[in-house]
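Dear colleague,

Below is the structure I promised to hand over. My notes on what was found in it follow directly after, and I would be glad if you read them with the coordinates open.

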Amino acid sequence: MEKLTLEKRQLCDIQGRLFELALKTGLDCPSFIDSFMNSKTAASLDDIYDRLQWAGEEYILEELNDEVSGLKQAGEAYPAEVMYWTGYTYRYWHYYTEEYSSEIYKIADAQTMKECWLGFHTFDVEMAIDDLKEIYRQKCKKSP
């Protein structure tokens with residue numbers, strides 16, 4: 001894959017900041033990530049172009065909250081670094097593999113991203129994605 005364009009890297013940053021904002025506003029982190037990755041809002045961001053891509057993280061969070069009729073407050077809080085890395089990596093993953101957010105989430109859910117952050121956040125993003133996909137393949141081989 002060619003390196004990401006500036007616009008795509010900016011969209012990765014917006015999604016990383018969106019995930020941080022979810023933490024800052026007191027949302028349950030795993031529930032937020034699950035809601036987002038399986039939402040029409042995330043699917044809009046997966047499109048080649050959608051007005052929502054440039055709306056900013058505050059507006060995107062409002063759109064998601066409206067879509068799911070209220071995001072879960074309180075609960076489990078992930079560190080801000082984990083939230084940013086998770087959001088950024090998920091968006092980069094979409095550009096890297098052309099998989100949709102809901103498909104990506106089936107491979108690496110919120111818990112997987114939290115568990116892998118410590119070892120993977122210093123990797124090149126593409127290497128982290130490849131390793132996350134390999135972990136999923138290994139889990140699938142072990143399952144009956």
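Helices (H or I, at least four residues) and strands (E, at least two) are DSSP runs, numbered from the N terminus. Leu 21, to which I return below, is placed by that rule in helix H1. Please keep in mind that this is a predicted model, in which local features need pLDDT of at least 70 and side-chain atom pairs count only at pLDDT 80 or more, while totals for chains, interfaces and linings use all residues. Residues are numbered from 1 along each chain as its sequence is written, and side-chain values use heavy atoms, with hydrogens and water left out.

Overall form

The protein holds eight helices and zero strands, so that from the N terminus on the order of elements reads α-α-α-α-α-α-α-α. Its radius of gyration, taken over C-alpha atoms, is 14 Å, which agrees with the value near 15 Å that a compact globule of 144 residues would have, the globule rule being 2.2 Å times the number of residues to the power 0.38. Along the principal axes, the C-alpha atoms fill a box of roughly 40 × 35 × 30 Å.

With buried meaning under 20% relative accessible area, exposed over 50% and partly exposed in between (1.4 Å probe, protein chains only), 47% of the 144 residues count as buried. The accessible surface comes to about 7800 Å², of which 52% belongs to carbon and sulfur atoms; these areas come from the Shrake-Rupley method with a 1.4 Å probe, and for residues only the protein chains shown count as cover. If contact is taken to mean heavy atoms within 4.5 Å, then among contacts between residues at least 6 apart in sequence, 73% join residues at least 24 apart.

The core and helix H2

A nonpolar core is here a set of buried Ala, Val, Leu, Ile, Met, Phe, Trp, Tyr and Cys residues joined through side-chain atoms within 4.5 Å. The largest one has 44 residues, of which Phe 19, Phe 32, Ile 33, Phe 36, Met 83 and Tyr 90 touch the most other members. At least two residues of this core are supplied by each of H1 (6–24), H2 (29–37), H3 (40–46), H4 (57–67), H5 (80–97), H6 (101–107), H7 (110–120) and H8 (125–142).

Helix H2 is largely enclosed by the rest of the structure, because seven of its nine residues are buried, namely Cys 29, Pro 30, Phe 32, Ile 33, Ser 35, Phe 36 and Met 37. What covers these buried residues includes H1, H3, H4, H5, H6 and H7. For Phe 32, and leaving aside neighbours within four places in sequence, the contacts are Leu 18, Phe 19, Ala 22, Leu 27, Leu 61, Leu 64, Leu 71 and Met 83.

Individual residues in the helices

Gln 15 is buried, with a relative accessible area of 2%, and, not counting residues up to four places away in sequence, Gln 15 touches Phe 36, Leu 45, Gly 87, Tyr 88, Tyr 90 and Arg 91. Leu 21 is likewise buried, at 17%; its C-alpha atom is separated by 7.6 Å from that of Glu 58, 37 residues apart along the chain, and, with neighbours within four places again set aside, Leu 21 is in contact with Glu 57, Glu 58 and Leu 61.

In helix H8 lies Ile 129, which is buried with a relative accessible area of 0% and which touches Thr 89, Tyr 92, Trp 93 and Tyr 96, not counting residues up to four places away in sequence. Ser 102, in helix H6, is partly exposed at 29%, and its contacts, counted with that exclusion of up to four places, are Met 37 and Asn 38.

The loop between H4 and H5

Most residues other than glycine have a negative phi. Ser 69, in the loop between H4 and H5, has instead a positive phi near 55°, and is exposed with a relative accessible area of 69%. Ala 74 is found in the loop between H4 and H5 too; its phi is also positive, at about 55°, and Ala 74 is partly exposed, with a relative accessible area of 46%.

With best regards
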